[in-house]
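Reader: I'm new to this one and would like a close look at a single part. Could you take me through one chain, from its make-up to where it meets its neighbour?

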There are 2 protein chains.
Amino acid sequence: MNRRSLLGAGVALGAGAATTAVATPARAQTVDGADAVVDTVVVGAGLAGLAAARKLVAAGKKVLVLEARDRVGGRVHDIRLANGGTIERGGQFTGPTQTRLQALADELGVKTFTGYNTGESIYYTADGTAIRYTGALPPMDNDSYQALGQAIYQLDTLASTVPVDTPWAAPKAEELDGQTFASWIEGNVTNADAKTILHLMSNGALSAESRDISLLWILSYIAVSGNETNPGNLTRLISTLGGARDSRFVGGPYQIATKMAAALGSKVVLKTPVRRIVQSGGSALVVADNLAVSASSVVVALPPTLAGRIVYSPALPATRDQLTQRFPLSSIGKAIAVYDKPFWRDAGLNGQVAALTGTTRSTFDNSPPDGSYGALLAFLDGDQMRAVEDKSDATVKQLILDDLTRYFGSKAATPTEFVLGRWDAEEYTRGGAPGFTPPGVLTRFGTAIRKTTGVIHWAGAETATFWNGHMEGAVRSGEQAAADILKG
Amino acid sequence: MNRRSLLGAGVALGAGAATTAVATPARAQTVDGADAVVDTVVVGAGLAGLAAARKLVAAGKKVLVLEARDRVGGRVHDIRLANGGTIERGGQFTGPTQTRLQALADELGVKTFTGYNTGESIYYTADGTAIRYTGALPPMDNDSYQALGQAIYQLDTLASTVPVDTPWAAPKAEELDGQTFASWIEGNVTNADAKTILHLMSNGALSAESRDISLLWILSYIAVSGNETNPGNLTRLISTLGGARDSRFVGGPYQIATKMAAALGSKVVLKTPVRRIVQSGGSALVVADNLAVSASSVVVALPPTLAGRIVYSPALPATRDQLTQRFPLSSIGKAIAVYDKPFWRDAGLNGQVAALTGTTRSTFDNSPPDGSYGALLAFLDGDQMRAVEDKSDATVKQLILDDLTRYFGSKAATPTEFVLGRWDAEEYTRGGAPGFTPPGVLTRFGTAIRKTTGVIHWAGAETATFWNGHMEGAVRSGEQAAADILKG
């Protein structure tokens, strides 16, 4: 886990070795030594990479995990607050059917709790009117409810035709992948309120706008919102209670990463961004800025867009390379404002806002299970994140606090602490979960998502066949990669 | 131009210097020396990079051009045939309004000639029927012509509302960028033949399928198919005679690159892929596998997707980084079959095929101006290229020859030479021209296309405001970057 451990585990490159290793694959094999060879190198110590390494080590394999950051966890990261609490900067929710994540948390002794859901939510209309409501959907007239219900039914019906592991083989894949979700909404829904909510769902649940994503992609994303025994559905994907945002982890999900890493010990090497993977003769040399390790297999547990930034020798097959050009990460930020008390609860509010204006249009009560202090989570999704990319942290903070004050009153203006996660700006993340595909990608490049390239196995939340893009998907993908390697 | 020249122009990294330079920006500045500092480093010796370097050198600047390949030219490359001729593997066409490319060719003494257009074209329908025709559009009934004409008129009218330098500012940008071109066709055209031709146009003219691209993007691509005095239009973009495929270069366009490079001499360093650009204190250290050079400005003259694979310190702004995640290259291959004579001419054919089936659906007579031997150019565009990505060169060759035989008779089956350019598979290209944007990208990330990042200027065909994606655009973008640097 510390820098020194790398010296025992790999070979530090000095005296021109980097030049040699990097420039000339044939000569790279001269980089060797007792500890410079492992069975598997895992690139990326997010949940996927750690889950893969854990399974491989349990099976007796010699493993090294190389992580670019100075911490593990990838898109999962918690912050210790000055008030002693812990707050989630990154992935945080779990819910029904996320069985592998739950099993892993159980094994590691990390407990879950149902998020705070008592009281009313608020819906802010485009003209700024606040409407309090209960239930999963914002208030609207009966015609609108019916239209929205009909649209959700249609989407679920279409999603049920999409195989979770081969969405490109869906009966109407060609047509579904030829349009954006926005086009589908505009072409199939006439009720204005229903349209508004559907566009908002994309923004809030995917951090990607309906115009960004392929219809086939969102259908596949709905299809994978379940598991082997419970098919996915849109309601589960977008819901808080009973859905993907049902529960949180006591003490935060980062513990799942840190506990896995602690067990791996010196097998996890931080601050070691992998730059190049050279395959030859059925093995690979994995070259980082200051380390090179040989292995008989490699797990690249990164989002496709980041995996595409590694230099591969031999170069990747065209389909795989083009996939990495066409699989961006969504745009996301998370702000958490901390207060002495969850004061909104006294006003009968559950902390959940859905809004049509503002820098944050989606908030949650992110207080600890005992409510010993208050925390409001404010998402910056898709367009809202993009709109503030160039603004300073101080400006973004003020914009968020202005919104929270509008939503929850003047007490919201003066948090005791404020945490801002700008995931698009983080060099080793560069966006949020999920990575998604624009039109035309799944049908023409989808087969390359998990297809091994020589000894390289591709993992990461985006490669999972259930809860793709979620922590559950990350764990599944890592465990699957390990199983594939062990199967040989 | 040769490897040795780099030793005079930069600093070869040895004895751990690479490790230092790559890993620790702060210490990278210890890499210096009399010749390790230039005014501008240009990354990429395609037409854009060379045109930039040429202008800068003419203005008295000290310039170094670093090129990953073992040749200059980027997506422009000609092959010397065994029969003594020269054939274009990459970019090859030019036409009216491409004034900067023409001026540059004039200066360098490279002449153009109008492509062979005498005789009839052939249209192969979906059921394999061959229909000979003359003119720009395949034969169809009057209703279909009218519907197609109407669609082209609508597209041109919409395109005329799109500013060439700020397409995201078009009046209906939001709506236009929310859908694929395929959705627009399906929603706005009812005539089946007209639809077919519009989808085929996307495939043939853009090497991207109508489902891949944003409607706003194709409209902007139409808008830039002109120059300062002649607004772009779809007919010019897709036409042979009088359009983007009107003319070719005598001896091939690669000469434009090699002549520029020859004049730059040792200022062009080959086989030197740039891996990292470290900015600090108003200058940049550009780090390649085996070379590091400091400069007060940098021109990155690469397609956005390749530019995104360089490591930047400090990391790029989020908007720029996400742009590179969302700006793929099209899928393209080119095959050229060479024959003793252009035998199809005797049959009254001009060598041009538009087909609805086959591995190649678009062919041209690519013989030299004097017709001293015959050459058929067979494009593999979009889906057709993707369908053969995993196939061997021999298999692809046979598929192409089968198609050419179907189109032009048995003489086509036995070429004297056969050249295959698989651009998607080339490590330092990874696709064709043009790079394009899927829905949602231009409106949200477009501003980052040319916006300088510290001392880094972005060039390359994809950044041009006229003939974006074409050789003309590459030249314009390079000259513009140079002008911007000289302006200071």
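Author: Let's take chain A, which has 18 helices and 21 strands. Keep in mind that this is a predicted model. The radius of gyration of chain A is 23 Å, close to the 23 Å that the globule rule gives for 488 residues, so chain A is as compact as a globular protein of that length. If you'd like dimensions to go with that, the C-alpha trace of chain A spans about 70 × 55 × 40 Å along its principal axes.

Now for the inside. Of the 488 residues in chain A, 64% are buried, where buried means under 20% relative accessible area. As for who touches whom, take the contacts in chain A with a separation of 6 or more: 74% of them are between residues 24 or more positions apart.

Chain A has an accessible surface of about 16,600 Å², and carbon and sulfur atoms account for 52% of that.

Finally, the neighbour. Here 58 residues of chain A are in contact with 57 residues of chain B. Between them, the two chains bury about 4,100 Å², with 43% of it on carbon and sulfur atoms.

Definitions and conventions:
Residues are numbered from 1 along each chain as its sequence is written. Chains are lettered from A and ligands numbered from 1 in the order in which they are written. This is a predicted model: local features need pLDDT of at least 70, side-chain atom pairs count only at pLDDT 80 or more; totals for chains, interfaces and linings use all residues. Side-chain values use heavy atoms; hydrogens and water are left out. Helices (H or I, at least four residues) and strands (E, at least two) are DSSP runs, numbered from the N terminus. The radius of gyration is taken over C-alpha atoms; the globule rule is 2.2 Å times the number of residues to the power 0.38. Buried means under 20% relative accessible area, exposed over 50%, partly exposed in between (1.4 Å probe, protein chains only). Contact means heavy atoms within 4.5 Å. Accessible areas come from the Shrake-Rupley method with a 1.4 Å probe; for residues, only the protein chains shown count as cover. Buried area is the accessible area (1.4 Å probe) that two parts lose on being put together, summed over both.
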